[in-house]
Amino acid sequence: MSANGQKHDVRSDLRNPLKRARGLGSAQSGVGHWWTQRVTAAALVFLGVWFVLTVLSMVHADYATARAIVAKPWNAVLLVAFVLTVCWHAVLGLQIVIEDYVHTRWKEVSLLVLVKFIAVLGTLATLMAVLHVALGA
């Protein structure tokens, strides 16, 4: 109890004074974003090692050999997983940077849309190329 007889809530003291004045609290969505970023980073460790080893194995290979390596089912699946994970991880990271450092709302929204558009476009182009090679079309 406080000096004036009201119950004292410690949690309200931990919030920013402006948030306390406006009655605003946490958005409750940051943990999911944080976990997704960590999971994609962990996946990229393994996929990145696979990708580097695969590229190094093709350094002196001709076009037909490189195409045959990419056309193997496991390599095609891992390449698709690598591209999806890289793009997803990049979008998550750039979203944080934009939200933290761009303070004009229309610029922030425009950049977020642009980043997602470029990521989707790049992902689709890469996936079409991998599928084209893997399926031998």
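Trainee: How many aromatic pairs does the structure hold, and how is such a pair defined?

Mentor: Rings of Phe, Tyr and Trp (its six-membered ring) pair if their centres lie within 6.5 Å; planes under 30 degrees apart count as stacked, over 60 as edge-to-face and the rest as tilted. By that rule there are three aromatic pairs here. In one of them, the ring centres of tryptophan 34 and tryptophan 35 are 5.2 Å apart and the planes stand at 85°, so this pair is edge-to-face. In another, tryptophan 50 and phenylalanine 51 have ring centres 6.4 Å apart and planes at 50°, so the pair is tilted. Trp50, Phe51 and Phe82 form one aromatic cluster.

Mentor: A word on the source: this is a predicted model, in which local features need pLDDT of at least 70 and side-chain atom pairs count only at pLDDT 80 or more, while totals for chains, interfaces and linings use all residues. Residues are numbered from 1 along each chain as its sequence is written, and side-chain values use heavy atoms, with hydrogens and water left out.

Trainee: Is tryptophan 50 buried or exposed?

Mentor: Buried means under 20% relative accessible area, exposed over 50%, and partly exposed in between (1.4 Å probe, protein chains only). Tryptophan 50 has a relative accessible area of 17% and is therefore buried. Phenylalanine 51, at 29%, is partly exposed, and tryptophan 34, at 40%, is also partly exposed. Of the 137 residues of the protein, 23% count as buried.

Trainee: Which residues form the salt bridge, and how far apart are the closest N and O atoms?

Mentor: A salt bridge is a side-chain nitrogen of Lys or Arg within 4 Å of a carboxyl oxygen of Asp or Glu. A search of the whole structure finds one: glutamate 108 with arginine 105, the closest N and O atoms being 3.4 Å apart. Glutamate 108 is buried at 11% relative accessibility, whereas arginine 105 is exposed at 57%. Both residues lie in helix H6 (residues 105-134), three residues apart, about one turn of the helix. Helices (H or I, at least four residues) and strands (E, at least two) are DSSP runs, numbered from the N terminus. The protein has six helices and zero strands.

Trainee: At what angle do the axes of helix H3 and helix H5 cross?

Mentor: Two packed helices are described by the angle between their axes and the distance between the axes. Axes are lines fitted to C-alpha atoms, for helices over the stretch in contact, and angles run from 0 to 180 degrees between N-to-C directions. The axes of H3 (residues 30-57) and H5 (residues 73-101) come within 9 Å and cross at roughly 140°.
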